[in-house]
Amino acid sequence: MANIVMFAILAVVILGSAVMCVITKRIMRAATFMLFVLFGVAGLYFLLDYTFLGAAQISIYAGGVTMIYIFAIQIVSKRTLQGLVEQLKGSRVVFGALVALVGLATVAAVLLKNQFIYAACSAPDAEVPVKAVGMALVGAGKYQYVLPFEFISLFLLACIIGGLVVSRKEGE
């Protein structure tokens with residue numbers, strides 16, 4: 001019963017923060033709400049007793065990626081951000097709602113066609129140990145993820161270098 005209550009609390013925090021992240025007009029508030037979403041997802045991992053994934057979620061995403069966003073926001077000048085106020089037009093809202101409904105219908109069709117919902121509702125055959133998850137993350141064989149992690153690190157390095165290039169003064 002306690003797990004269900006904690007799940008409900010975390011779900012409300014995640015959904016509320018995600019909605020606020022999307023609808024707020026202040027960029028620092030959006031980054032803060034995104035941080036709350038990432039902490040909530042880490043809480044779900046801890047609730048499932050995946051402490052390794054929960055710690056990785058906090059250290060990599062909540063800590064690292066959010067700080068990169070905040071530093072990027074701080075690097076951009078205030079003059080650039082002042083002109084970004086946008087008024088919502090009715091046609092754009094309707095178009096966005098239609099695109100969202102088409103996306104929802106596509107996801108529902110794929111889930112129903114492949115019977116993912118029925119497989120998710122049935123009890124799992126065996127629980128995956130954390131050691132197997134860790135080996136899959138750092139292994140170099142088939143269905144292991146060390147190569148994608150290396151590509152992500154190179155991508156983040158390119159983003160940092162790009163941020164430094166953008167933040168340079170014009171006269172330098």
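Ser-17 sits in helix H1, where helices (H or I, at least four residues) and strands (E, at least two) are DSSP runs numbered from the N terminus. At 8% relative accessibility Ser-17 counts as buried, a label that means under 20% relative accessible area, with exposed meaning over 50% and partly exposed in between (1.4 Å probe, protein chains only). Leaving aside residues up to four places away in sequence, Ser-17 touches Phe-33, Phe-36 and Val-37; contact here means heavy atoms within 4.5 Å.

A word on the model itself. The structure is predicted, so local features need pLDDT of at least 70 and side-chain atom pairs count only at pLDDT 80 or more, while totals for chains, interfaces and linings use all residues. Residues are numbered from 1 along each chain as its sequence is written, and side-chain values use heavy atoms, with hydrogens and water left out.

As for the overall layout, the protein has eight helices and zero strands. Read from the N terminus, the elements go α-α-α-α-α-α-α-α. Of the 172 residues, 13% count as buried. Among contacts with a separation of 6 or more, 47% come from residues 24 or more positions apart.

Back to H1 and its partner. Helix H1 (residues 2-23) packs against helix H2 (residues 27-47) at an angle of about 160°, and their axes are 8 Å apart. Axes are lines fitted to C-alpha atoms, for helices over the stretch in contact, and angles run from 0 to 180 degrees between N-to-C directions. That makes H1 roughly antiparallel to H2, given that angles over 145 degrees count as roughly antiparallel, under 35 as roughly parallel, 65 to 115 as roughly perpendicular and the rest as oblique. H1 passes H2 in a left-handed crossing, meaning that the near helix is turned anticlockwise from the far one by less than a right angle (clockwise would be right-handed). By class, this contact of H1 with H2 has 16 nonpolar, four polar and no charged residues. In that scheme Ala, Val, Leu, Ile, Met, Phe, Trp, Tyr, Cys and Pro are nonpolar, Asp, Glu, Lys and Arg are charged, and the others, Gly among them, are polar.

The residues that H1 brings to H2 include Met-6, Phe-7, Leu-10, Ile-14 and Ser-17, and among those met in H2 are Phe-33, Val-37, Gly-40 and Leu-44. Ile-14, also in H1, counts as buried at 15% relative accessibility. Apart from residues up to four places away in sequence, Ile-14 touches Val-37, Gly-40, Val-41 and Leu-44. Ile-14 and Val-37 lie 23 residues apart in sequence, yet 4.8 Å apart in space, C-alpha to C-alpha.

The next pair along is H2 and H3. Their axes come within 8 Å and cross at roughly 175°, which makes H2 roughly antiparallel to H3. The contact of H2 with H3 has 19 nonpolar, five polar and no charged residues by class. Ala-55 lies in helix H3 (residues 51-75) and is partly exposed, with a relative accessible area of 40%. Between Ala-55 and Tyr-45 there are 10 residues in sequence and 8.7 Å in space, C-alpha to C-alpha.

Finally, the cysteines. Cys-21, one of the H1 residues that meet H2, is partly exposed at 22% relative accessible area. Cys-159 is partly exposed too, with 39% relative accessibility. The disulfide count comes to zero, a disulfide being a pair of cysteine sulfur atoms within 2.5 Å.
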